[in-house]
Amino acid sequence: ASFNHAAIGATDCSACHASPPNHYAGECRVCHQDTASFRNVNFSHAGLSDCAACHTPPPNHFPGQCSGCHSTDTFTGASFNHSFPLNHGEAAGNCGACHTGPPPAFACTLCHDAQEMADEHAKEEILEIGSCLGCHPGGEEPDD
């Protein structure tokens with residue numbers, strides 16, 4: 001037997017039905033054309049950039065906007081080139097440990113004390129320390 005959702009004016013599917021895992025959390029009718037068949041889906045991600053409004057990022061993923069690396073056509077071919085070691089210090093591959101904003105923003109001072117770095121560099125008569133990656137592209141102290 002089939003149930004006629006339209007006959008009772010049902011538009012809020014979540015009142016009776018649970019969404020499948022990793023599914024859009026909004027109203028079903030945003031994507032599904034009717035309540036008779038949920039196979040008729042009409043949704044386009046074109047022009048959307050705020051993925052986090054509907055999707056939860058995977059664990060240990062960069063906390064910034066998805067569109068910084070991914071296109072809305074496919075999420076398998078992200079354009080990302082990270083020249084700095086992903087396992088630097090205590091980061092252990094956790095992007096959010098160094099990157100607190102959109103790429104390429106990062107801050108060495110999240111883990112390294114700024115005054116201590118300035119003092120260490122001053123001992124070696126290095127006064128310009130604004131670009132850490134210029135001298136430490138691999139995150140290590142340069143060989144003397």
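**Entry 1**

I began with E120, which is partly exposed at a relative accessible area of 41%, where I take buried as under 20% relative accessible area, exposed as over 50% and partly exposed as in between, with a 1.4 Å probe and protein chains only. I note at once that this is a predicted model, in which local features need pLDDT of at least 70, side-chain atom pairs count only at pLDDT 80 or more, and totals for chains, interfaces and linings use all residues. Residues are numbered from 1 along each chain as its sequence is written, and side-chain values use heavy atoms, with hydrogens and water left out.

Which side chain does E120 meet in a salt bridge? I found K123, with a separation of 3.4 Å from N to O, the criterion being a side-chain nitrogen of Lys or Arg within 4 Å of a carboxyl oxygen of Asp or Glu. The structure holds 1 salt bridge. Both K123 and E120 lie in helix α1, 3 residues apart, about one turn of the helix. An α-helix has 3.6 residues a turn, so residues three or four places apart point the same way. K123 is exposed, with a relative accessible area of 65%.

**Entry 1: the ends of α1**

I looked next at what flanks this helix, taking helices as DSSP runs of H or I of at least four residues and strands as runs of E of at least two, numbered from the N terminus.

E125 sits in the loop between α1 and α2, and at 73% relative accessibility E125 counts as exposed.

**Entry 2: the chain as a whole**

I then looked up the totals, and the protein chain has 2 helices and 0 strands. How much of the chain is buried? Of the 144 residues in the protein chain, buried residues make up 12%.

C108 is in no disulfide, and the nearest cysteine sulfur, that of C132, is 3.6 Å away. C132 is likewise in no disulfide, with the sulfur of C108 as the nearest cysteine sulfur at 3.6 Å. I checked the accessibility of each: C108 counts as partly exposed at 23%, and C132 is partly exposed at 24%.

I followed the chain into the segment after α2 (132-135), which is the place of H136. The side chain of H136 reaches the backbone oxygen of E140 at 2.9 Å. Not counting residues up to four places away in sequence, H136 touches F84, H121, E141 and P142.

P85 is placed in the segment before α1 (114-123), and is partly exposed with a relative accessible area of 28%. Which residues does P85 touch, not counting residues up to four places away in sequence? I listed P137, G138 and G139. The C-alpha atoms of P85 and E140 are separated by 9.7 Å, and these residues are 55 residues apart along the chain.

**Entry 3: two pairs before α1**

L110 has its place in the segment before α1 and counts as partly exposed at 44% relative accessibility. L110 touches A97, C98 and T100, again leaving out residues up to four places away in sequence. From C-alpha to C-alpha, L110 and A97 are 7.8 Å apart in space, and 13 residues apart in sequence.

A52 also has its place in the segment before α1, and at 53% relative accessibility A52 counts as exposed. I noted Q65 as 13 residues apart from A52 in sequence and 7.6 Å apart in space, C-alpha to C-alpha.

Note on methods. Polar contact = N/O pair within 3.5 Å; in protein donor to acceptor, adjacent residues only side chain to side chain. Contact = heavy atoms within 4.5 Å. Disulfide = S-S within 2.5 Å.
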